[in-house]
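I have a new structure open and my notebook beside it. Here is what I looked up, entry by entry.

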Amino acid sequence: MREAGGMRPRMRQAETVEGLVEQLIDVGDTVVRRGFALASGGNLSARLPGSEEFVVTGKGTWLDRLEPGDFTVMNLDGKIVGGNPDPSSEWKLHQRTYRVREDANAIVHMHPQHAVLVDALGHEIRLLTLDHAVYVRSVGRTDFHPNGSDELADSAAEQAREHNCVLLAHHGCSALGEDVGMALRRAMNLEEAATATYRALLLGDRTTGFPMSPDEAIQHA
Ligand SMILES: [Zn+2]
């Protein structure tokens, strides 16, 4: 385990698979510590740009206690090519998304409470701040499908063609990025937007949103 106060990896694009794994170990710790997932709820993956192979967390691994040996190396056909022989049951979610998004090099799948709740109650997750607009930009969603199923993986990948953040109904979210840091920032901003939406709903507000389109906001950012 990482020692308190120890060096944490930089979150810019890693140059080696070991570097990616180190970043994902750090992300797992952050995700659990900040309450975006409980223990083994969620999974993480990454690849080097242009690679046909990705690393994904193993089945039942606790996200805040990941070690390099927990990661499975898989290719885009879904074959295990190295590392932990027992990948997360949700590996298809990662594999199918990489297949449709050549630009995606990391996927953070977690189970954030507010995003799932707001969606389950039939409300749209609203983007309210500049960060929400710039990082999340838009939110895709899929209906509920069983964990690890082809239906879930394929419908999430379909949504990922258009959106960098996809809400998986009654389950969690999947956020992708060109590197591990961007995927994490998107996932965290999605949950922050959902928390803000939840608070707005408690105050009786059902309409307030960001004052310009996310694309305009990005141009100004
Ligand atoms: Zn999940």
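**Getting my bearings.** I took helices (H or I, at least four residues) and strands (E, at least two) as DSSP runs, numbered from the N terminus. By that rule I found 7 helices and 8 strands in the protein chain. I keep in mind that this is a predicted model, where local features need pLDDT of at least 70, side-chain atom pairs count only at pLDDT 80 or more, and totals for chains, interfaces and linings use all residues. My residue numbers start from 1 along each chain as its sequence is written.

**Overall shape.** For 221 residues a compact globule would come near 17 Å, and the protein chain agrees, with 17 Å. Its C-alpha atoms fill a box of roughly 50 × 40 × 35 Å along the principal axes.

**Burial.** I call a residue buried if 20 or more other C-beta atoms, placed from the backbone, lie within 10 Å of its own, exposed if 12 or fewer, and partly exposed in between. Buried residues make up 45% of the 221 in the protein chain.

**The sheet.** In what order do the 8 strands of the open sheet run? I read β4-β3-β2-β1-β5-β8-β7-β6, with mixed pairing; two strands pair if DSSP finds at least two bridges between them. β4 (80-83) and β6 (139-142) are at the edges with a single partner strand each, so one side of each has no neighbour in the sheet. Further in, β5 pairs with β8 (residues 172-177) in the antiparallel sense over 5 bridges, and A106 stands opposite G177 in β8.

**Helices on the sheet.** For angles I used axes that are lines fitted to C-alpha atoms, for helices over the stretch in contact, and the angles run from 0 to 180 degrees between N-to-C directions. Two residues are in contact if their C-beta atoms, placed from the backbone, lie within 7 Å. Helix α2 (residues 91-100) packs on the sheet, touching β1, β2, β3, β5 and β8, and makes about 155° with β2. Helix α6 lies across β1, β5, β6, β7 and β8, at about 145° to β8.

**The core.** A nonpolar core is a set of buried Ala, Val, Leu, Ile, Met, Phe, Trp, Tyr and Cys residues joined through C-beta atoms within 7 Å. The largest one has 57 residues, and L190 is among those with the most contacts inside it. Helix α6 (residues 180-202) gives the largest share, 9 residues. Beyond four places in sequence, the contacts of L190 include A115, I125 and C173.

**A look at V56.** Is V56 buried or exposed? It is buried, because 28 C-beta neighbours lie inside 10 Å. V56 is in strand β2 (residues 53-57). Among its contacts beyond four places in sequence are F71, M74 and W91.

R137 has a positive phi of about 65° without being a glycine, and I found R137 in the loop between α4 (130-136) and β6. R137 is partly exposed, with 18 other C-beta atoms within 10 Å. H170, also not a glycine, has a positive phi near 55° and is in the loop between β7 and β8. With 12 C-beta neighbours inside 10 Å, H170 counts as exposed.

Key
Rg over C-alpha atoms; globule rule 2.2 N^0.38 Å.
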